[in-house]
2 protein chains.
Amino acid sequence: MTSLLYWIAPLAVLAALACAGTFFVLMLRADPGNQAMQRIGRLVREGAMSYLSQQYRVMLVSFLGLAAVFAVLAWGLGLQNDWLPITFLAGGLFSALAGYVGMQTATLASPRTAQAARTSLAAALTIAFRSGAVMGLVVVGLGLANVLFWFWLIDRVTPPSADGARLVMITTSLLTFSVGASLQALFARVGGGIYTKAADVGADLVGKVETGIPEDDLRNPAVIADNVGDNVGDVAGMGADLFESYCGSILAAAALGAAAFHASPDVQRAAVLAPMIIAGCGVLLSILGIFMVRSGDEAGQAGLLSALGRGTLLAAIGLVATAGLVLHGLGLPGAWGLWGALAVGVATGMIVGRSTEYATSARYRPTLRIAERATGGPATAIIAGVGVGMLSTAIPVLTVGTAVLLAFGLPSGFDMTAAGAGLYGIALAAVGMLATLGITLACDAYGPIADNAGGNVEMSGLGPEARARTDALDALGNTTAATGKGFAIGSAALTALALVASYVEVIRIELIERGRQWLELGQGRDIPVAEASLGDFMLYFDVNLLAPQVLIGVLLGAMTAFVFTGLTVQAVGKAAAAMVDEVRRQFRETPEILAGTTPPDYARCVTISTIGAQREMIAPAVIGILAPILTGLVLGVAGVIGLLIGGLSSGFALAIFLSNAGGAWDNAKKHIEAGHFGGKNSAAWRAAVIGDTVGDPFKDTAGPSLNILIKLMSIVAIMTAGITLAWSLF
Amino acid sequence: MTSLLYWIAPLAVLAALACAGTFFVLMLRADPGNQAMQRIGRLVREGAMSYLSQQYRVMLVSFLGLAAVFAVLAWGLGLQNDWLPITFLAGGLFSALAGYVGMQTATLASPRTAQAARTSLAAALTIAFRSGAVMGLVVVGLGLANVLFWFWLIDRVTPPSADGARLVMITTSLLTFSVGASLQALFARVGGGIYTKAADVGADLVGKVETGIPEDDLRNPAVIADNVGDNVGDVAGMGADLFESYCGSILAAAALGAAAFHASPDVQRAAVLAPMIIAGCGVLLSILGIFMVRSGDEAGQAGLLSALGRGTLLAAIGLVATAGLVLHGLGLPGAWGLWGALAVGVATGMIVGRSTEYATSARYRPTLRIAERATGGPATAIIAGVGVGMLSTAIPVLTVGTAVLLAFGLPSGFDMTAAGAGLYGIALAAVGMLATLGITLACDAYGPIADNAGGNVEMSGLGPEARARTDALDALGNTTAATGKGFAIGSAALTALALVASYVEVIRIELIERGRQWLELGQGRDIPVAEASLGDFMLYFDVNLLAPQVLIGVLLGAMTAFVFTGLTVQAVGKAAAAMVDEVRRQFRETPEILAGTTPPDYARCVTISTIGAQREMIAPAVIGILAPILTGLVLGVAGVIGLLIGGLSSGFALAIFLSNAGGAWDNAKKHIEAGHFGGKNSAAWRAAVIGDTVGDPFKDTAGPSLNILIKLMSIVAIMTAGITLAWSLF
């Protein structure tokens with residue numbers, strides 16, 4: 001029975017990739033629409049590809065340079081595990097590949113979705129959603145494939161030994177696989193976030209506000225960049241973000257499982273494989289769920305939403321059930337507790353997602369209050385939104401806090417010092433939350449496809465019927481985007497937590513590799529490094545919360561989150577200003593554009609957003625990478641852990657605040673546009689538009705980028721643990 | 001020689017109160033101006049007093065109720081030290097008294113400052129500044145008197161013993177003296193912050209924006225409430241905030257000194273008295289500094305600023321010098337290191353204050369960039385301000401982080417496990433920062449007096465010469481307010497840190513009072529409770545950063561700061577909406593008001609602001625008080641420490657962000673009003689006005705209230721340590 005379990009994960013990889021391929025081919029065969037539609041689709045696709053090729057060029061240089069540094073560190077100085085340079089490149093490569101496939105699919109799918117919308121809602125939904133599913137399945141397929149391949153390879157080439165430290169060593173070296181994925185996520189999420197909002201704000205400020213032409217008007221030079229931005233930010237950025245969380249959670253669970261059960265080799269191997277097998281089950285269940293998403297034309301928007309919800313919910317329920325079977329089938333001790341931890345993770349994802357929807361949907365009080373306050377002008381609308389965003393941190397933090405307590409407590413019998421099983425439980429909660437990523441990401445990536453399809457319908461001047469259908473799809477996309485954002489933040493927090501916990505395991509292996517046998521705890525208490533508990537390490541490195549290094553680390557972590565946010569928000573401001581100048585220039589120098597007789601120079605706007613994104617992402621990226629390295633060099637291991645936890649707590653709360661405030665302003669504006677509080681062009685609407693513009697960099701740049709920051713800092717800390725141990729000041 | 005040192009502090013108290021009395025009488029003797037000026041002054045004073053009497057009524061009920069609860073806890077259940085009910089009332093009473101005197105002085109001084117401004121700038125500065133000094137000296141005089149009196153009394157009535165635990169017990173019971181001061185600060189700072197901005201936003205939105213009458217126009221029904229608000233927020237609120245920091249830092253230093261040197265009774269007593277003696281020196285130096293502040297009429301604004309700066313700087317330099325003498329004179333071991341820690345605190349206060357000025361003054365790039373971005377409309381102005389505010393967290397956090405490292409490291413020889421001397425060093429740094437509060441608070445309280453004097457000149461229709469002079473005073477007041485805000489935040493952070501550190505000493509005494517002799521550290525290692533080190537306590541309570549209770553505590557702490565901010569920001573929104581309704585109602589029902597023939601009903605607006613402030617402060621207050629109690633009951637000591645540090649790190653960064661973003665928007669607006677980027681009534685100006693209104697609750701309500709939150713949570717934790725130990729779940 002158990003040997004059968006081992007085949008689930010590889011099988012799931014093949015199924016995911018096969019399914020993605022099928023959906024892709026089916027989508028390609030669909031009618032791409034008339035000439036105008038195809039032309040717009042081509043422009044957006046070319047823009048997206050020009051962005052990707054520019055970004056991948058920058059990435060290639062950075063990756064090769066860093067790989068060289070890692071090679072010196074690992075093979076020359078022995079400060080790193082030997083696999084780092086290779087797994088680093090692999091992680092980046094596969095994440096980039098997933099992003100490329102997702103973008104290709106999304107940009108090819110939008111005109112076809114638009115065309116399908118001319119005949120029926122159900123047909124349009126099917127194309128858009130299955131194209132989103134390509135992204136979802138490619139991400140989980142490639143992610144899981146990588147995890148499995150590198151584990152298999154390193155396990156094979158490492159000399160066998162009955163020692164429990166062997167698997168701990170293998171799984172901790174695997175963690176560095178996330179380094180590449182993390183850096184690629186940084187490029188995709190931060191760069192993409194800057195790109196999309198620079199284009200959006202620039203297009204709106206000159207187009208809608210100054211010139212008074214409608215949104216998605218082909219006369220606006222930035223309109224193509226704006227449509228490209230939806231793909232760049234919400235498809236490639238979100239995909240890379242979750243690719244990293246997905247791999248990170250599985251790898252952290254493997255490392256913590258190896259550590260928790262290092263005393264008995266068989267159980268240890270089962271604990272390492274369990275997260276991979278559960279992830280495999282999640283992939284298969286996601287595929288099942290994806291096939292269940294259909295909608296009759298008569299069902300309308302509510303029907304669409306329930307169709308998506310049904311698929312996601314069933315995949316989640318199925319996961320909880322099968323995970324129970326897997327954990328018991330593998331014969332893990334305390335399987336019930338571990339199963340409870342995993343179920344807690346699944347529930348956490350749903351609650352955090354729903355709480356985001358509550359905070360940002362115009363069906364609930366918070367967003368309605370912002371719309372009402374907009375009647376008092378922009379200032380009161382913005383004050384109300386800031387209040388809503390800050391208050392909305394309560395439910396997600398309380399949920400994640402409770403999840404940590406339960407996920408740690410259930411496997412350890414609420415013995416809070418039994419860190420081994422407890423930390424493994426937290427990592428399993430993260431795995432549970434992310435296992436059905438195939439379908440949750442499909443719901444997410446579907447949004448920008450529907451959005452772009454709507455833009456295509458508008459720009460090609462198709463009839464109002466098609467527009468009404470794409471509007472229904474798009475409105476739904478906004479709801480799934482809100483829950484998706486909450487989900488991405490929640491999963492990033494849990495994954496980062498699991499990564500921080502595995503940092504200590506990396507420290508253990510680094511000490512062993514340096515030939516250190518004993519941990520001296522003072523008063524003659526020497527404990528073998530291989531046997532030392534988490535508490536022993538905490539004592540040895542003085543990681544108590546009142547030690548100055550830890551205190552300073554926590555303060556620095558909070559500061560890093562704020563400074564990073566400030567930099568990304570400013571980056572959008574700067575890049576948008578460049579876009580505004582360019583659009584104004586084109587209107588001024590070529591008046592025929594506004595008359596509609598000469599097409600504007602779309603490519604220049606695409607280039608400006610691309611270059612702006614690449615340039616402006618440097619500072620936040622450098623901060624995220626240098627903070628853990630410098631803190632480690634000055635304050636040592638204790639300071640680094642302080643930094644990570646301080647950054648995690650502040651970054652998590654900040655990310656929710658930014659995402660929800662931005663989402664609530666957006667929907668308050670839409671609520672007013674739907675005819676409330678004076679409707680479109682009223683004073684309240686103008687106030688709400690200002691709120692929405694303020695919220696753009698909040699919700700689509702800074703907020704999601706914080707997900708990357710908290711994971712990236714943990715990964716960089718893991719990667720530079722050897723350097724911290726060798727050279728730190730304290 | 002040393003016995004002489006003991007007289008410094010009582011002498012300083014007498015000198016401070018005598019000086020304050022003299023300044024008050026001299027101010028009263030000054031010419032109160034013509035009938036119109038006196039009438040306006042009377043209206044503002046009556047409004048202020050009606051606010052105070054309403055607030056003190058609410059306070060009286062709350063304090064008596066809580067004192068009864070404390071009496072049951074302390075005298076009935078034995079869960080508290082016996083002095084709590086009495087010291088609690090004393091702390092609240094004296095803080096309230098200081099606030100009352102400050103408000104009386106400020107409201108009496110404004111018309112006299114306005115009158116003096118009709119003849120000369122130097123005369124106006126002297127009246128305004130010396131009246132501000134009344135507040136500064138009363139706060140330090142009453143604060144230090146209380147500390148001395150209760151220490152003397154409890155020391156006398158406690159049976160003598162050669163045991164080092166005796167003084168530890170006395171000093172930790174004294175910490176609860178801060179409870180009353182802390183609760184009063186909550187009422188004054190949060191309530192005052194809501195009051196002032198509800199009045200300000202309400203007056204501006206209807207008066208300036210809708211009706212188009214100028215600021216400080218007597219036809220505006222909310223104008224008196226607005227002027228009252230300046231006193232309520234910036235005099236009473238700031239005073240109560242710093243009264244608490246001042247007492248808290250001295251008491252925490254005493255408790256940590258008693259703990260650090262408990263092995264040798266003589267040294268221990270010296271370490272307990274040192275902070276009080278240094279505070280006494282600070283008071284005397286402040287008085288000297290206050291007498292040095294003068295300005296010739298020809299000097300202008302730059303001359304004024306340098307006059308204030310000179311006084312403050314000399315007091316600080318004098319403090320560092322005399323503190324060195326005191327520490328050496330008392331024969332404290334490692335006096336050089338302790339002196340270094342104190343000097344670090346003095347420098348930290350200055351750097352944090354200056355960094356606030358850099359972030360918010362139109363003489364520097366950040367604020368200028370906001371002004372420039374305002375040309376792109378309100379959205380870009382607000383995005384730029386958010387960016388500036390977030391980035392401005394870097395210098396204060398890095399400064400405080402470095403200060404913690406040095407203040408801990410210098411006395412302990414950078415042995416980061418030698419917590420005793422290290423934590424005493426951190427507390428001494430806080431004392432150093434706050435010792436010259438007499439003059440720094442004088443510079444602060446001077447601001448609203450000058451502001452109100454300007455309002456008085458405007459409303460009484462005095463000549464342009466007087467207006468120009470009060471404008472110069474007011475502009476200076478804005479600069480000192482900016483540095484003052486930074487100083488208040490920085491000192492709150494250091495004080496809170498010292499309070500958190502003394503929390504462990506309170507736990508020690510609670511354990512001893514429960515008859516606990518030994519701390520069992522596992523593996524047969526039992527350590528006498530009285531001898532246990534900080535590290536032992538951290539180990540015993542499992543306060544390592546990866547223990548789930550601590551992790552959850554840190555997450556909850558960050559969330560508390562965000563939710564508290566959301567509540568206070570929303571409170572202003574709600575109270576301002578009520579004010580807007582009232583002003584509109586008066587204009588609508590009595591059209592003669594706008595014609596200037598019938599005076600509006602000022603009292604109703606004052607009442608609305610007062611009631612709004614009292615009602616809206618309940619929710620944030622409850623959060624601040626319940627968070628540590630509930631966390632303690634569920635997660636125990638480890639969770640509480642996590643909560644405090646999480647709240648401290650996020651709250652500190654948030655407070656700086658909010659204060660600096662608000663200050664920068666304010667000054668960007670003023671910069672545009674001075675004729676840049678189109679000047680007054682241009683599009684950029686309108687955008688900047690919206691930014692300024694958004695910033696109002698940021699900088700004057702939420703930001704300063706966070707100072708209270710982080711200190712209050714520590715104090716509540718200290719007060720409920722017995723309950724946490726007795727009843728916590730984990």
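**Ground rules.** I worked on a predicted model, in which local features need pLDDT of at least 70 and side-chain atom pairs count only at pLDDT 80 or more, while totals for chains, interfaces and linings use all residues. Residues are numbered from 1 along each chain as its sequence is written, and chains are lettered from A and ligands numbered from 1 in the order in which they are written.

**Entry 1: chain A as a whole.** I began with secondary structure and found 24 helices and two strands in chain A. Helices here are DSSP runs of H or I with at least four residues, strands are runs of E with at least two, and both are numbered from the N terminus. I then looked up the radius of gyration, taken over C-alpha atoms, and the globule rule, 2.2 Å times the number of residues to the power 0.38. Chain A has a radius of gyration of 25 Å, close to the 27 Å from the rule for 730 residues, so it is as compact as a globular protein of that length. Along the principal axes, the C-alpha atoms of chain A fill a box of roughly 85 × 50 × 45 Å.

For burial I used C-beta atoms placed from the backbone: a residue is buried if 20 or more others lie within 10 Å of its own, exposed if 12 or fewer, and partly exposed in between. By that count, 69% of the 730 residues of chain A are buried. For contacts I asked that two C-beta atoms, placed from the backbone, lie within 7 Å. Among contacts in chain A between residues at least 6 apart in sequence, 83% join residues at least 24 apart.

**Entry 2: how the copies sit.** What rotation superposes chain A on chain B? I found 180°, with 0.0 Å of shift along the axis and an RMSD of 0.0 Å. That is the relation of a two-fold axis. The superposition is by least squares on the C-alpha atoms of residues with pLDDT of at least 70 in both copies. In chain A, N544(A) has the C-alpha nearest the axis, 2.2 Å from it. The same surface serves both copies, as 96% of the contact residues of chain A recur in chain B.

**Entry 3: the interface.** I noted 70 residues from chain A and 67 residues from chain B in the contact. Several elements give two or more residues to the chain A side, among them helix 13 (378-391), helix 17 (464-513) and helix 22 (618-673) of chain A. Helix 19 of chain A gives the most, with 21 residues. By class, this side has 49 nonpolar, 19 polar and two charged residues. Ala, Val, Leu, Ile, Met, Phe, Trp, Tyr, Cys and Pro count as nonpolar, Asp, Glu, Lys and Arg as charged, and the others, Gly among them, as polar.

**Entry 4: a helix pair in chain B.** I picked helix 17 (residues 464-513) and helix 23 (residues 683-719) of chain B, which pack at about 10° with their axes 9 Å apart. Axes are lines fitted to C-alpha atoms, for helices over the stretch in contact, and angles run from 0 to 180 degrees between N-to-C directions. Angles under 35 degrees count as roughly parallel, over 145 as roughly antiparallel, 65 to 115 as roughly perpendicular and the rest as oblique. Helix 17 and helix 23 of chain B are therefore roughly parallel to each other. The residues that meet include A488(B), L499(B) and Y503(B) in helix 17 of chain B, and P704(B), I710(B) and I718(B) in helix 23 of chain B. The contact divides into 14 nonpolar, three polar and two charged residues.

**Entry 5: positive phi.** Most residues other than glycine have a negative phi. I flagged F414(A), with a positive phi of about 55°, in the loop between helix 14 (394-412) and helix 15 (419-435) of chain A. F677(B) has a positive phi near 50° and is in the loop between helix 22 (618-673) and helix 23 of chain B. Buried or partly exposed? F414(A) is partly exposed, with 16 other C-beta atoms within 10 Å, and F677(B) is buried, with 20.

**Entry 6: A12(A).** A12(A) is buried, with 27 other C-beta atoms within 10 Å. Its C-alpha atom is 8.6 Å from that of A279(A), 267 residues apart along the chain. Leaving aside neighbours within four places in sequence, A12(A) is in contact with L144(A), G280(A), V283(A) and L284(A).
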